[in-house]
Amino acid sequence: MAKENFINYLLNPRNWWLPLLLIFTVSAAGVMMIGIHTYTEAPPVPDYVSAEGAIIYRKADILNGQAIFQKYALMDYGSMFGDGANRGPDFTAEALHHIALSMQQYYLAKRPADLQDVLADRGIGEQVKSEIKDNRYNAGTNSVTLTDAQAYAAEDLLKFQLQKFAAHGPESFKPAGYLTDSEEIRSLSAFFFWGAWVCGVERPGKVYSYTHNWPYDPAAGNRPSPAIILWSILGSLGLIFGLGLVLYYHGRLEKLDDRVYTKNARSFMTKQEVGRFRPDAVQRASFPFFYTAVILFGIQVLAGILTVHDFVGFVHFFGVDLSKVLPVTVTRSWHVQLSLLWISACWIGASFFMMSLVSPVQPAGQVRLIRIVFWLTALLVAGAFAGILLGPKGILGNKWYWLGHQGWEYIEMGKLWEVVLGTVFVLWFIVLYRGVRPVMSLRQPWALPNWLVYAAASIILLLVSGFIATPKTNFVIADFWRWMVIHMWAEAFFEVFTTVLIGYFMVLMGLVSKQAAIRVIYLATLLFLGSGLLGISHNFYWNGKPVFTMALGSVFSTLQVIPLVLLTLEAYRFSKLPRILENGGGTNGNGKTVFGFREVFLFLLGVNFWNFFGAGVLGFIINLPIANYYEHGTYLTVNHGHAALMGVYGNLALAAILFCCQLLFKPERWNTRIVTGIFWSINTGLLLMVLLDLFPAGIYQFNAVTENGLWYARSGAFVEGPVFQTLTWMRIAGGAVFTCGGVIPLVWFVLTRRKAVKEAVAEKRITNPDQCLIPQVQG
């Protein structure tokens, strides 16, 4: 009986504040502790001096090198501490291994001629490991005294970096001559040397490095620390226990048949009703966001195609070396940044469209404000697009940080354009709040309009995190704030926002009641915030955080699988709802009516599939510390990223576009066959890219890490080898289906129907909510 009472307590909306407040407080406290540890236990940025006291690198050299790393967008070519692009080297792993080999060469050159045996060679190897691990940092002078072998290795690393960037060789940056200033390369080498030192030297008072001995490199003495093994086991136990507990209480809920979801739902929209729908001026004003979004989607895919062509060396077109005009740092930056911008444009436009469905009478000036948001968004996209090209080419000079490429993966746009993005989000929130305020009520804090406002406000708040770090902030600290933006958007509050949007779509389509949607949103919020906020810590396993952060990440990152499993349990039930309604399960279902949003509904089912497979399965296999230790910086991360971002958020964004467009377009201009083909092409193409390239390439690379180390698995010899190149070419099969069958028809379909948008009816046409074609979604 106690269990039954607990369930009844949890399902009563009057009691929802306590669980939500408790989970949010615990999660926020954990994130705050991670932040405190980031500042108090970050590895220092010291001066490096020789045994004789000569300056090798100053702190200023390292910070200048970090700025050079960002200025030339090298995080969109290679990675630092495993974070960044995965086609070039991981600069920390590469530098660490190069230092270890250089130190061995130093001692071999000094070895007596009569001492030529295996035991001596092994002794040199152990001496090198010992020197790399020995922490000779002096906090009083903020300096590190290097051994003679380390000083030699630092000089040799500089020669290697000069060869990489200023010359042409097997491990050189392509195109050759991308970075030529020797002083800039010297500063960059200092930054990489610092990164290698952080990965190799033991944290004070510990027997492992600042990065828990990541990356794996036996030559440098880097092997998994005991904490990695321990917390992998405890994380697995936490997942099993948490999943069992949630599924137990999920099973104790009332045994719902399929009709419970449709009980009390409004009449579902038929094809005829969709055709008769007349948008108002506010809804019509949202359409520019949709055709702009599909254009950006097309450009983003084109940038991805150019990036893959660069990967396989297919860069000459009509006698022009395209990699010199558009180096991989630029095309990949466009590909990554535009993915966020086109999806954001969809969500902004969809929320504007739904305002009139939620609140029938919109306040004066909404259309003007929406147009301002649109043109600011257009300015943002144009400025960021140009800056990402001009910044790494050095054309913007010392204005690169503000106008060009900011240097962070997923936050590529210059700081000025990030300010414009913040302005867009603030205005979006203002318009959204004005639009739904008439139907918001403090007495009904969990109503759907309220959820929409809560999620939008949280997204704006998190963007503030992106304004704290500068190019001279300790990289470990700066990366913490970068992940606060990326992870909290993608795996916490945007998860909530997408759940709210799906709930709205289901209610507006007439598939579920608003009470059922609100309950699902609330439970999903508990699970997403409970696992997602602290789940950020799995991004911090290897970039200078203490064991405390690893412990949180191992448990809460694996718990992120639970809400995805629950969503999967409902996916099959959702797939049957249109058929149930058409066969008499809805208020207007009589076995003869046809559900009006069958094609749009396919994309929502796609969201459920990729939530489980892309975000859940492919995310879980890389989250436990021991798996992530070897996987971090490989294509298994790329595999998860593509499947989760495009599969979940991409499908949802396309559902938003097509839901709104189907109501906006004249019915004779809607083509069921084309839209259905777009869905299957995009999702089949994405699945083929995963199965033919990204996943097998990730497994192949993972195996190379376990056998040789990350330095080898990310080297030019490996990545440009026949197996990896063949797998990259195989991605073209899925990419062709994705692009030719899905993206191109989608862009054509939306753009060619600009003149097919229905005329707007007069504003304030409805004085009684019962007169709405789609009744208001309130309380």
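In this predicted model, an open sheet of 4 strands has the order β2-β1-β6-β5 with mixed pairing; strands are DSSP runs of E of at least two residues, helices runs of H or I of at least four, both numbered from the N terminus, and two strands pair if DSSP finds at least two bridges between them. The edge strands, β2 (55-57) and β5 (137-138), each pair on one side only. Strand β6 (residues 143-145) is antiparallel to β5, with 2 bridges, and Ser143 in β6 is the bridge partner of Asn138. Helix α7 (residues 182-200) lies across β1 (47-49), β2, β5 and β6, and runs at about 85° to β2. Axes are lines fitted to C-alpha atoms, for helices over the stretch in contact (heavy atoms within 4.5 Å), with angles from 0 to 180 degrees between N-to-C directions.

The axes of α25 (residues 635-664) and α26 (residues 672-708) come within 8 Å and cross at roughly 170°. The two helices are therefore roughly antiparallel (angles over 145 degrees).

Asp280 is located in the loop between α10 (271-276) and α11 (281-285). This residue is buried (under 20% relative accessible area, 1.4 Å probe, protein chains only), with a value of 4%. The side chain of Asp280 reaches the backbone nitrogen of Val282 at 3.2 Å, and a polar atom of this side chain lies 2.8 Å from the backbone nitrogen of Gln283.

Residues are numbered from 1 along each chain as its sequence is written, and side-chain values use heavy atoms, without hydrogens and water. Local features need pLDDT of at least 70 and side-chain atom pairs count only at pLDDT 80 or more, whereas totals for chains, interfaces and linings use all residues.

Conventions:
Buried < 20%, exposed > 50% of the residue type's maximum accessible area, 1.4 Å probe, protein only. Polar contact = N/O pair within 3.5 Å; in protein donor to acceptor, adjacent residues only side chain to side chain. Parallel < 35°, antiparallel > 145°, perpendicular 65-115°, else oblique.
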